[in-house]
Amino acid sequence: MGRAVTVATCALNQWALDFEGNLERILRSDGYGCSDHFYESDTLLHSFQVLEKLLESPTTQDIICDVGMPVLHRNVRYNCRVIFLNKKILLIRPKISLANAGNYRELRWFTPWSKARHVEEYFLPRIIQEVTGRETVPFGDAVLATKDTCLGAEICEELWAPNSPHIEMGLDGVEIFTNSSGSHHVLRKAHARVDLVNSATAKNGGIYILANQKGCDGDRLYYDGCAMISMNGETVAQGSQFSLDDVSDLMLKAFPQEVLVATLDLEDVQSYRAEISSRNLAASKVNPYPRIKVNFALSCPDDLAVPTCMPIQWRHHSPEEEISLGPACWLWDYLRRSKQAGFLLPLSGGIDSSATACIVYSMCHQVCLAVKNGNADVLADARRIVNDDTYIPEDPHEFCRRVFTTCYMASENSSQDTCNRAKLLAEQIGSYHINLNIDAAVKAVVGIFSVVTGRTPRFSVYGGSSRENLALQNVQARIRMVLAYLFAQLTLWARGMPGGLLVLGSANVDESLRGYLTKYDCSSADINPIGGISKTDLKNFIQYCIENFQLTALRSIVSAPPTAELEPLVDGQVAQTDEADMGMTYAELSIYGKLRKIAKAGPYSMFCKLINIWKEICTPREVASKVKHFFRMYSVNRHKMTILTPSYHAENYSPDDNRFDLRPFLYNTSWSWQFRCIDKQVSKLEKKE
């Protein structure tokens with residue numbers, strides 16, 4: 001019959017501008033986020049140089065290959081797929097729908113191809129002409145017609161667009177669709193991507209091959225792989241969502257890679273399409289695509305004995321598993337690529353810093369598991385990080401002590417309870433733990449102020465004003481940041497070991513949104529693995545770690561009320577709590593965050609939504625008070641987002657000011673017009689009642 005085809009896809013852990021490393025990873029199976037480096041002619045040149053190597057490589061022979069790169073066509077820069085076979089470029093397919101929302105700014109660097117079903121000549125650079133023996137190749141919106149089937153390419157965002165190209169291509173007889181994607185991880189998002197791919201082939205029939213970027217590309221995003229192959233609405237092959245493999249293998253254990261392979265029968269596509277009457281009526285009227293004829297067959301003439309793949313059930317991770325794995329892989333990529341010797345974390349004994357410590361411990365688990373499974377790259381990285389060419393990481397607890405330093409920074413306002421909790425957790429995960437006291441440094445700084453001004457500030461419990469009280473808290477917090485960086489630079493030196501440590505921050509997404517942190521305190525760090533995760537999810541993650549890592553020290557941590565411990569103790573006990581300080585609960589903060597960012601709600605719109613959501617627990621006047629308080633605090637503290645530590649992006653209501661949540665940082669914090677609208681609505685509702 002000659003209709004059984006074998007298709008393959010993979011997830012590559014690429015790194016922007018690392019042309020040599022990216023080439024090696026492609027051959028074993030493009031950096032995605034080059035950002036403004038796309039403007040540089042160097043990026044275009046080096047991309048073609050890598051393409052030259054791919055064309056010449058024996059590895060790519062007799063395979064239709066689809067790789068991504070920027071291409072300048074008639075002085076316009078396009079994001080393209082370059083499809084080639086046996087040293088010949090078959091088609092350069094420019095991207096039609098660009099990602100330009102949230103974390104993505106493709107329109108800043110690229111122009112979308114707007115000429116539907118139109119092909120032009122592209123003049124190849126000389127280095128590619130010498131390899132291919134051709135001066136020009138087709139450039140535009142076309143499909144490939146082989147001896148036995150028809151293939152079409154989609155690019156990333158086009159799958160998510162309401163008018164995805166696969167719809168019209170499928171109606172025009174395309175049977176195999178490829179999509180090279182750069183889709184980042186967000187908690188609870190994986191199912192949306194899977195549903196889109198399966199839906200694409202359920203409505204129209206066909207085989208859909210999705211490759212997705214994997215790993216930290218040098219930015220806040222973690223691309224979570226999940227390469228997949230779907231046919232006629234069902235998944236037939238699933239790749240891993242999180243792993244430390246550079247190319248993520250179901251086939252080749254000699255290389256740390258994951259190549260998904262499926263053998264499928266094209267007759268099944270034709271049979272599936274034949275009985276969809278609405279699809280066939282639409283197909284009879286479709287405007288045809290230009291077809292690039294390819295003298296190549298994907299199938300063999302005699303394939304009756306070739307077994308084909310059957311549908312499988314997709315396995316999704318729980319949110320707690322996602323937190324355990326995603327940020328851990330992101331930390332590993334950051335650590336090995338920054339060529340540092342480990343991490344330092346100010347460990348307070350609270351939920352946030354403890355959750356951060358658990359993520360590092362999970363990273364150590366992942367490293368040991370990868371080495372046990374024969375990943376030579378991870379082993380080489382681990383040996384370089386610990387500066388021992390014979391070392392083999394086998395025990396996560398022992399590896400953690402080599403790469404992770406925790407530090408409890410006590411003051412006269414710290415309780416013995418938090419000190420004990422931090423110490424016990426450090427023992428259970430294996431980190432190198434330091435206990436120190438910051439009182440001498442605090443008194444020295446405050447003493448300088450007193451000498452200069454002749455005034456000594458006091459806490460409010462001792463008769464001081466709110467300004468004095470806040471300033472004294474901030475001094476403690478900022479001294480901890482200074483000490484964190486000092487110990488990160490010199491702790492290993494003091495221990496007779498080479499290298500320095502990356503400082504980890506541990507402010508969660510809700511605290512950042514509210515601005516409940518001191519500017520330039522321990523929230524200021526090199527990177528923050530929990531900066532995009534809510535307090536509610538972190539509590540659930542802590543419970544997950546108790547059950548899966550047997551970290552019993554976390555039981556007392558999760559049951560204790562969150563506190564900054566910056567105000568004096570009362571009878572030796574903590575009197576200050578986070579939620580009392582903030583004037584709102586963490587659960588409320590998550591709701592505010594989702595309404596503000598995801599639902600695009602300003603003060604008045606948020607009030608209108610919440611009077612219905614909270615109608616059983618709050619009066620309209622109480623809702624109005626809560627909304628006003630949130631927006632006052634959010635706007636007063638928005639300036640803190642301009643210096644927010646680069647954080648793992650895990651929530652779509654992140655207040656990250658770098659590129660995701662672009663807002664002013666100087667507000668009129670009275671919100672007079674907006675609050676007046678709320679007050680008028682409250683009065684109307686109260687009159688009705």
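**Entry 1: α10 and α11**

I began with the residues through which two helices meet: α10 supplies Ile 323, Ser 324, Leu 325, Pro 327, Ala 328, Leu 331, Trp 332 and Leu 335, and α11 supplies Ile 359, Val 360, Ser 362, Met 363, Gln 366 and Val 367. Contact here means heavy atoms within 4.5 Å. I note that the model is predicted, that local features need pLDDT of at least 70 and side-chain atom pairs pLDDT 80 or more, and that totals for chains, interfaces and linings use all residues. Residues are numbered from 1 along each chain as its sequence is written, and side-chain values use heavy atoms, with hydrogens and water left out.

I classed the residues of the α10 and α11 contact as eleven nonpolar, three polar and no charged. Nonpolar covers Ala, Val, Leu, Ile, Met, Phe, Trp, Tyr, Cys and Pro; charged covers Asp, Glu, Lys and Arg; the others, Gly among them, are polar.

I then looked up the geometry: the axes of α10 (residues 319-338) and α11 (residues 351-372) come within 8 Å and cross at roughly 75°. α10 is therefore roughly perpendicular to α11. Angles under 35 degrees count as roughly parallel, over 145 as roughly antiparallel, 65 to 115 as roughly perpendicular and the rest as oblique. Axes are lines fitted to C-alpha atoms, for helices over the stretch in contact, with angles from 0 to 180 degrees between N-to-C directions. Helices are DSSP runs (H or I, at least four residues), numbered from the N terminus.

**Entry 2: α11 and α13**

I found that α11 also packs with α13 (residues 396-403), at about 120° and with the axes 9 Å apart. Tyr 361, Met 363, Cys 364, His 365, Val 367 and Cys 368 of α11 meet Pro 396, His 397, Phe 399, Cys 400 and Val 403 of α13.

**Entry 3: α15 and α16**

I looked up α15 (residues 439-453) and α16 (residues 466-494), whose axes come within 10 Å and cross at roughly 125°. The two helices are therefore oblique to each other. Ala 441, Val 442, Val 445 and Val 446 of α15 make the contact with Leu 472, Val 475, Gln 476 and Ile 479 of α16. The residues of this contact divide into seven nonpolar, one polar and no charged.

**Entry 4: domains**

I recorded domain 1 (4-293), domain 2 (319-437 + 481-582) and domain 3 (584-688), with bounds from an automatic or database domain assignment. The centres of domain 1 and domain 2, taken over C-alpha atoms, are 38 Å apart. Their contact takes 22 residues from domain 1 and 20 residues from domain 2. Between them, domain 1 and domain 2 bury about 1800 Å², 57% of it on carbon and sulfur atoms. Buried area is the accessible area (1.4 Å probe) that two parts lose on being put together, summed over both.
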